[in-house]
Amino acid sequence: MAVNAQKIAELAGVSRGTVDRALHNRGRIRPEVAARIQEIAAELGYKPNLVGQALSRTRQGVKIGVILQSVETPTIQVVQSGVRRAADELRASGGEVLLRELSGLDDELLLESIEDLVSQGIQGLALTPNNTPELRQCINGLSEQGIPVVTLNSDVPGSRRLCFVGQDGYRAGQTAASLMYELLPPGSKLLPLAGHLNNSAHNSRLNGFIDTLRQQDSEGALTVLPFQPCFDRDDCAYEVTQYILHLHPDLAGIYVAANGQEGACQAIAETGRKGRVKIIAHDLNKPNLRLLESGLLSFVLDQEAFDQGYRPPFLLYEYLLHQKPPARELLHTDIAIRTRYNSDLSGVLTQYIEPDQQ
């Protein structure tokens, strides 16, 4: 009788997913457990039929789930376009992408969406996560079941996800701090605007920004006001900026670590401070391109959001069909400094239009 992975799992006292990870050297597994599984497999003469597995998956189709949160934001709408483009291309190869789009960051709704996709029979999952213990536990559980997870745009450090596709948020925050330090004269006050406090990308940017200013500005030439969260909402960013301007009429700079830059720019414009208050934000999208063109934004740090949506379905497809792991655990996208002079408005906008809308 042919030996299969289930038989090895029974003898080793582990799940079939753990056997799969041990035999194919992927995912996280304790060395002693991997050694025991490999020893049992060798004793039984187990030889995985990789060609047969690939052909079987091709006939059955590969089903991949994708969950995008905060789809109301311009950046995630660019990510969304990348996912849809990947879904169109994978369809021709037998791949199916089930996309779920959620507003805001909602732990309970996210976990419910994951459960729904698993019930639909997905074999892999890509998602924009919250950095919470509950989600980390869920990702680890999916890994145990043999369902690989790719995080995108934001990460869940310490989880058993297959890889992360997105910007190095800490370095992006450092880049913003360096630019702000060069922009502002000594004695200037600046305001950091944060996004969601349970989003690792937002927090990494904020930490990189504040840490770097402290290192560069050892003599205290710049005054960094306490950061204010705006939860990706322009109305909240507008009210916070108005309030801070009232308290500090000499405010000289604003760093927007997530979304909310339109609200901050509106407050600056309405109070006649355009050009006097330097604003640095993230992501090359339609609203930010217009704000760059108007001169309200000084710099935009782009993170290749389209690629963050486009790559994960293909990474999961290759992993599931051909057992090809990602090249690295952290697949960082670029940190591109954009100004009104190196951002082609028409060219960039058409890049993110769906094929049937061009």
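Start by selecting helix 5 (residues 74–91) and helix 13 (residues 305–322), which cross in a right-handed sense. Right-handed here means that the near helix is turned clockwise from the far one by less than a right angle. The two axes come within 6 Å and cross at roughly 35°; axes are lines fitted to C-alpha atoms over the stretch in contact, with angles running from 0 to 180 degrees between N-to-C directions. Helices are DSSP runs of H or I with at least four residues, strands are runs of E with at least two, and both are numbered from the N terminus.

Before going on, a word on the model: it is predicted, local features need pLDDT of at least 70, side-chain atom pairs count only at pLDDT 80 or more, and totals for chains, interfaces and linings use all residues. Residues are numbered from 1 along each chain as its sequence is written, and side-chain values use heavy atoms, leaving out hydrogens and water.

Helix 5 contributes T75, V78, V79, S81, G82, V83, R85, A86, E89 and L90 to the contact, and helix 13 contributes A305, F306, Q308, G309, Y310, P313, F314 and Y317. Contact means heavy atoms within 4.5 Å. Colour these residues by type and you will find 11 nonpolar, 5 polar and 2 charged. In this scheme Ala, Val, Leu, Ile, Met, Phe, Trp, Tyr, Cys and Pro are nonpolar, Asp, Glu, Lys and Arg are charged, and the others, Gly among them, are polar.

Stay with helix 13 and look along its length. At R311 the helix bends by about 25°, and a proline, P312, follows within four residues. The bend is the angle between axes fitted to the seven residues ending at a position and the seven starting there. Buried residues in helix 13 include F306, P312, L316 and L320, where buried means under 20% relative accessible area, exposed over 50% and partly exposed in between (1.4 Å probe, protein chains only).

E304 lies in the loop between strand 11 (299–302) and helix 13, and has a positive phi of about 55° although it is not a glycine. Most residues other than glycine have a negative phi. At 33% relative accessibility, E304 counts as partly exposed. Just after the helix, Q323 also takes a positive phi, of about 55°.

For another positive phi, go to D232, at about 65° and likewise not a glycine. Find D232 in the loop between strand 8 (228–229) and helix 10 (234–247). D232 is buried, with a relative accessible area of 11%.

Move on to C163 in strand 5 (residues 163–167). C163 is buried, with a relative accessible area of 0%. Among the residues it touches, not counting those up to four places away in sequence, are V149, T151, P326 and L331, along with L315, a buried residue of helix 13.

At 13% relative accessibility, A34 counts as buried. A34 touches A22 and I29, leaving aside residues up to four places away in sequence.

Finally, zoom out. The protein has 14 helices and 13 strands, and 51% of its 358 residues count as buried.
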